Amino acid sequence: KQGNFKAAKLSLNRAINLNSKSSGLINNSGVFSLVGRDFELAESDFNKALSLNSKNTQAALNVSYQQILRKDFKKSLAILEPLFKDGALSPKGLNYYAISLSALSRYKEAKSVYESILSKNSTDDIAKNNLEVLNRISK
């Protein structure tokens, strides 16, 4: 039933019971937990999803975001760097990556990432704003 959170969660749980090793399903469970404001369970699901598939970019972004909120930029970078090297990060992921680089004083690399985002989409306001801030703090 459309818009029925409980029914959707039940359906997802059934799918997970049939395929408990599905990184995508476990990550989706984490999203449901976020919506339900169960942040600990969400983080646990995101970490489990990433451990099942280190190439699951959505799970990586979810775990990385949790690390950024904790100001653990080294962990965030460790999660995102392999995906960056593979060219697998979306603009959102690239922003998380550059934020982590900036927080670790790797300004030149962060600037390059922001410029790369903007070369593909010059209207990306997040990248524009973050690059502007970076230019101010790295002088």
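1. Some ground rules come first. Residues are numbered from 1 along each chain as its sequence is written, and side-chain values use heavy atoms, with hydrogens and water left out. As this is a predicted model, local features need pLDDT of at least 70 and side-chain atom pairs count only at pLDDT 80 or more, while totals for chains, interfaces and linings use all residues.

2. Contact means heavy atoms within 4.5 Å, and beyond its neighbours within four places in sequence, L89 touches L61, L80, L83, F84, L94 and Y97.

3. Next, look at α3. Its buried residues (under 20% relative accessible area, with exposed over 50% and partly exposed in between, using a 1.4 Å probe and protein chains only) are A42, E43, D45, F46, A49 and L50. They lie on the same side of α3, because they cover an arc of only 160 degrees around the axis, taken from the directions from the helix axis to the C-beta atoms. Their cover includes α2, α4 and α5, whereas E40 and S51 are exposed on the other side.

4. The structure holds six salt bridges, each a side-chain nitrogen of Lys or Arg within 4 Å of a carboxyl oxygen of Asp or Glu. One of them pairs R106 with E81 (3.5 Å, N to O). This pair links distant parts of the chain, with R106 in the loop between α6 and α7 and E81 in helix α5, 25 residues apart. R106 also meets E109 (2.7 Å, N to O). In α8, R136 and E132 form a salt bridge (2.9 Å, N to O); they are four residues apart, so about one helical turn separates them. Shared partners join E81, R106 and E109 into one network.

5. Finally, two loop residues deserve a look. Most residues other than glycine have a negative phi. R37, between α2 (23-35) and α3 (39-52), has a positive phi near 65 degrees and is exposed at 63% relative accessible area. S105, between α6 (91-103) and α7 (107-120), also has a phi near 65 degrees and is partly exposed at 48%.
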